[in-house]
Amino acid sequence: MAVADQAKVYVNGEYVSGKLELMHGDRLLLGANNLFTVVNPAEREAAEKAGITYHKFTFHDAMAEIQNLGSADDAKKGEELLQQDISELGPMIGEVNAMSCAMDKKVKFEIVIMPEEGKRRKTAMVSMFSYLTSCSYLLTRDEFISRKYKMEEMYQHFVEGDHEAWKSVPPSEDPFAEEDNKETTIGTVSISLKSLGYLFEQEQTLTITNYQGAAKGELRVEYYPVKEDGSTITEEDDIFVDDPDTLVGQPLRFSLKIPYARGIPKRFENVFCRYRYFLDTEYTTTGQVTGQNPDFSFAHTHTCSPVTDQFIDYLEKQSLVIEVVGTQIPVLVKAGDERTTKQLMASNFSVNQTPLNLMDPEKQMILSELESAKRRAKKQQNKLIKVQELIDAAKNDQSETISVAD
């Protein structure tokens, strides 16, 4: 394909110019509204016979591809937007906490910084903590602002002495309350998928951390590159990938397994895991299990066919975030505790006070990447040993050539 001068053309989310070769499965966006998927009938027929299912890309997926290819300028802009959100939310948090104290709602709000899903940048959210039940919920910026308008309306009734209007609000409509059975994120783990670019498997037991960095248990995560028939690629297959870019244009399949979690706080039930992989807009989810040590026995095979430059970039630069989700079991305050909201905030009181076992999510990523680097080094060493064995055998046979084909 030849791109005309000044034409706005994107292939797999990346702006292109000049001449280039299109491959089966490539996403082609012409201008701002014309999306096409390149189809090679012969390759599609072969894939269907092999049981390979291609992801059906939508216009939304194409936009996501473009947005995900962030530059240094994008990272700087993201940091500026984060600081802008914090500056905007700060005064609002002060206002709603003052209203909570005045009406003695036993609820505290605070800003929390969360990693943005699948990306190494952060976003501002709001934590809503109930002193009555020790339940904590995360609200997006927009959700919080929407609640704030309702809080102001309730507070106005309070100031005017209209107690019937603000005290008679049912819990389901109270902006200071949340449904007891609402799903909440217990914590997350972030895993590096770099090893897939070298066709290595990875098996890790990762610390589940909440937004405060507190450990909330451990999650076992495993992924294995697999062959077309679904069998695992192992070291015995002697498949060596020195550069992930050599995978471009080929299909790549891997099985992601989440066998179990251990040490989930007992105040959570109906626990499950969910994640969004690569360009997925919907979550992939495990089944729900109750207990502190849930066995999910989850496995799912993902296929990228063909591998693109953007997919390699995803493996190299981004992380897969797995959320551990559950519903909270209320832990009621002890009888006789008559402290007001203002007093509770001043004492930073929490029903569920436990020492924080802090774990930096970035440290988990570094450890994951270090393990991947060790595996690559070991594979390279084994390759050099085999080459040396071939050289030694050739010397013994007084041969001037070495056969490397098999």
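Two strands pair if DSSP finds at least two bridges between them. I keep that criterion in view for the sheet entries below.

**Entry 1: model and confidence**

I am working from a predicted model. I looked up the confidence before anything else. The chain has a mean pLDDT of 80, and 78% of its residues reach 70 or more. Where pLDDT is low, the predicted coordinates should not be read in detail.

**Entry 2: totals**

I counted secondary structure next and got 8 helices and 17 strands. The chain has 406 residues, and 40% of them are buried. It exposes about 22600 Å², of which carbon and sulfur atoms supply 49%. I also checked sequence separation: among contacts between residues at least 6 apart in sequence, 66% join residues at least 24 apart.

**Entry 3: the open sheet**

I traced an open sheet of 4 strands, with antiparallel pairing and the order β3-β2-β5-β6. β3 (14–15) and β6 (34–37) stand at the edges with a single partner strand each, so one side of each has no neighbour in the sheet. I then followed one pairing in detail. Strand β5 (residues 27–30) runs antiparallel to β6, and 4 bridges join them. Leu30 has Asn34 in β6 as its bridge partner.

**Entry 4**

I looked up β8 (residues 122–130) and found 7 of its 9 residues buried, so the strand is largely enclosed by the rest of the structure. Its antiparallel partner is strand β9 (residues 136–139), joined to β8 by 4 bridges. Phe129 stands opposite Ser136 in β9. The two strands form a hairpin with 5 residues between them, and Ser134 in the turn has a positive phi of about 65°. I also noted Cys135, which counts as buried because its relative accessibility is 1%, below the 20% cut-off.

**Entry 5: the largest nonpolar core**

Which residues touch the most other members of the largest nonpolar core? I found Leu219, Tyr277, Phe311 and Ile322, out of 37 residues. The elements that give two or more residues to this core are β10 (183–192), β11 (202–209), β12 (215–226), β13 (252–262), β14 (268–275), β16 (295–304), α6 (309–317) and β17 (319–328). β13 gives the most, with 5 residues. I listed the contacts of Leu219, leaving out residues up to four places away in sequence; among them are Val189, Leu206, Ile258, Tyr260, Cys273, Phe296, Ile322 and Val324. A second, separate core has 21 residues, including Leu82, Leu139, Ile145 and Met154.

**Entry 6: β17 and its partners**

I went back to β17 for burial and pairing. Its burial count is 10 of 10 residues, so the strand is largely enclosed by the rest of the structure. β10 pairs with β17 in the antiparallel sense over 9 bridges, and Ser190 stands opposite Val321 in β17. β14 also pairs with β17 in the antiparallel sense, over 5 bridges. Here Cys273 stands opposite Val324. I checked the exposure of Cys273 as well: it is buried, with a relative accessible area of 0%.

**Entry 7: disulfides**

How many disulfides does a search of the whole structure find? I ran the search and it returned 0.

**Entry 8: backbone exceptions**

The peptide bond from Ser305 to Pro306 is cis, with omega near 0°; Pro306 lies in the loop between β16 and α6. Leu199 is not a glycine, yet its phi is positive, about 60°. I placed Leu199 in the loop between β10 and β11. Is Leu199 buried or exposed? With a relative accessible area of 13%, Leu199 is buried, because the cut-off is under 20%. Asn270 also has a positive phi, near 50°, but it is found in strand β14. I read Asn270 as partly exposed, with a relative accessible area of 29%.

Notes. Residues are numbered from 1 along each chain as its sequence is written. This is a predicted model: local features need pLDDT of at least 70, side-chain atom pairs count only at pLDDT 80 or more; totals for chains, interfaces and linings use all residues. Side-chain values use heavy atoms; hydrogens and water are left out. A disulfide is a pair of cysteine sulfur atoms within 2.5 Å. Buried means under 20% relative accessible area, exposed over 50%, partly exposed in between (1.4 Å probe, protein chains only). Contact means heavy atoms within 4.5 Å. Accessible areas come from the Shrake-Rupley method with a 1.4 Å probe; for residues, only the protein chains shown count as cover. A nonpolar core is a set of buried Ala, Val, Leu, Ile, Met, Phe, Trp, Tyr and Cys residues joined through side-chain atoms within 4.5 Å. pLDDT is the predictor's confidence in each residue, from 0 to 100.
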